[in-house]
Amino acid sequence: MSQLVRVAIGENFPEIQWPACCPECGTTKSLIRNTSRLGKVKSIRPNLQGGLTMKSEVMYLNYWICPQHAAETRWANRLLEKSPVMHLIRFIFYVGVVFAIGLIFGPRRLETFPDLGPLLALPLLGILGVASLIWARIATSLWPIRFDPDQDVIEIQFRQAPYATRFRVMNREATSAQNTEETPWYKRALLWKVIVIVLFFMFMARLMK
Ligand SMILES: [Zn+2]
């Protein structure tokens, strides 16, 4: 069973400690370092040059892993990465799958699919892409999922529960419930922003009547 661990980050917490064993098989021999990237887009604003300025936050997790499991985790994490390029690529995959579903359930007969020629590339890419995303979620032994939008907390998914336990023990302070407790829904900043915007539009709608 995979486990999700919330880790507090920031000046008040020591650097994240990694168990000296493979997160997948637990071996302690011939380990190598692997780096996974965790990013988030903080804001996107138009700038004076007419383009867009993007502010983002990036964190690199540098952990021990055995060479056998390093490759698949590296590939899987690259597919799941929260970077602008990967967001775009995943978006293309999803669009491709929507096309594929439209084709399969649409009126066109299967025998005539080859007539579409290069147009078939997008649905095929979508199916392969989404299949690889599903593979990645299963295959990754250590997946930095995201920054918590409301706190200085990151979420990491470990495939193996014993490793997750070792990780928690090594980072007791940073993973303690008291330091990583999720913000209750009514305290989440985004929720209140949405409510204020909705109320504003309702108010405007009344004025316009
Ligand atoms: Zn291993």
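Which residues of the largest nonpolar core touch the most other members? In this predicted model, they are Val7, Leu142, Ile154, Ile156 and Phe158, in a core of 19 residues. Two or more residues of this core come from each of β1 (3-8), β3 (52-65), β4 (142-147), β5 (153-158) and α4 (161-170). The most is given by β5, with four residues. When neighbours within four places in sequence are set aside, the contacts of Ile156 are Val5, Val7, Leu142, Trp143, Pro144 and Ile145.

Three strands form an open sheet in the order β1-β5-β4, and the pairing is antiparallel. Because β1 and β4 each have a single partner strand, they stand at the edges, and one side of each is left without a neighbour in the sheet. On average, neighbouring strands of this sheet are turned by 25 degrees against each other, with direction ignored. The antiparallel pairing of β1 with β5 runs over six bridges. Ile154 in β5 is the bridge partner of Val7, and both residues are among those that touch the most other members of the core. Helix α4 packs on the sheet and touches β1 and β5; the direction of α4 makes about 15 degrees with that of β1.

The phi angle of Ser30 is near 40 degrees, a positive value in a residue other than glycine. Ser30 is exposed, because 9 other C-beta atoms lie within 10 Å and the cut-off for an exposed residue is 12 or fewer.

Key
Residues are numbered from 1 along each chain as its sequence is written. This is a predicted model: local features need pLDDT of at least 70, side-chain atom pairs count only at pLDDT 80 or more; totals for chains, interfaces and linings use all residues. A nonpolar core is a set of buried Ala, Val, Leu, Ile, Met, Phe, Trp, Tyr and Cys residues joined through C-beta atoms within 7 Å. A residue is buried if 20 or more other C-beta atoms lie within 10 Å of its own, exposed if 12 or fewer, and partly exposed in between; C-beta atoms are placed from the backbone. Two residues are in contact if their C-beta atoms, placed from the backbone, lie within 7 Å. Two strands pair if DSSP finds at least two bridges between them. Axes are lines fitted to C-alpha atoms, for helices over the stretch in contact, and angles run from 0 to 180 degrees between N-to-C directions.
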